[in-house]
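Hi there,

Here is the structure I promised to pass on. Have a look at it first, and my notes follow below.

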Amino acid sequence: YIYDVITKTMSIVARKEKQKQEIRSLILEESMKLFVEEGFSKVSVRKIAERVQYSPTTLYLYFKDKNEILFHCCEAGFGKMLEHNIARGLINDPIERLHQMGVNYLSFGLENPEYYDLMFIQEAPMAALIEMGAGWSSGDQALEALKMIVQDAMDKGLLVPAKVETVAMAVWSMVHGLVSLAIRQRLDKLVPAEDVEKTMHESLDWLLKTMKKA
């Protein structure tokens, strides 16, 4: 009898936990759609609650405010971006590693425009997001990985000597600009739509070739 009671209780707890996770995922999913559709500043907790068909009070059981909701949406995006780069660490040549990191960045942005928009384009309460993430660890990981590759390439005499942060900024600015313009259909003004992705990769290739030490 006691075993049955314990088993039943554990089953109830498991179902409740699963339901909580499903509601949390639903809130994040629908919030991201709203942020992209209307802009972060125009979305309220009440509007999110209406979208997921729960009361605002229920949402506050899962998240402190909409800043925290945005933070977790961005964290999910950074997680996806880091997944794109898992195999990159196996490449010995730092220049090729840098190239693949750039390629993966372009692919992530083109394949996940909603996440990219939230992570890098929309106006957001950055001070609050950084405080919540104790420095926004996922984003920091991506930036530190870039700087480490640049440093490795310089240590091996493969890049023109310069300040590591400067070079990392140049590479990031290039790929960020390309993705930002592409997902907003701005590159269509420069090249035919069917050639946009190819031209983005050619631009990245040109930058890295220019940076390489003769």
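**What I found**

The protein has 10 helices and 0 strands, where helices (H or I, at least four residues) and strands (E, at least two) are DSSP runs, numbered from the N terminus. Along the sequence the pattern therefore reads α-α-α-α-α-α-α-α-α-α.

A word on the numbers: this is a predicted model, in which local features need pLDDT of at least 70 and side-chain atom pairs count only at pLDDT 80 or more, while totals for chains, interfaces and linings use all residues. Residues are numbered from 1 along each chain as its sequence is written, and side-chain values use heavy atoms, with hydrogens and water left out.

Of the 214 residues in the protein, 40% are buried (under 20% relative accessible area; exposed is over 50%, partly exposed in between; 1.4 Å probe, protein chains only). The accessible surface is about 12,700 Å², and carbon and sulfur atoms hold 56% of that (Shrake-Rupley method, 1.4 Å probe; for residues, only the protein chains shown count as cover).

Taking contacts (heavy atoms within 4.5 Å) with a separation of 6 or more, 69% join residues 24 or more positions apart.

Now the cysteines. How many disulfides are there? The count is 0, with a disulfide taken as a pair of cysteine sulfur atoms within 2.5 Å. Cys73 is in none, and its nearest cysteine sulfur, in Cys74, is 6.8 Å away. That distance is too far for a bond. Cys73 is buried because its relative accessibility is 3%, and Cys74 is buried too, at 1%.

Best wishes
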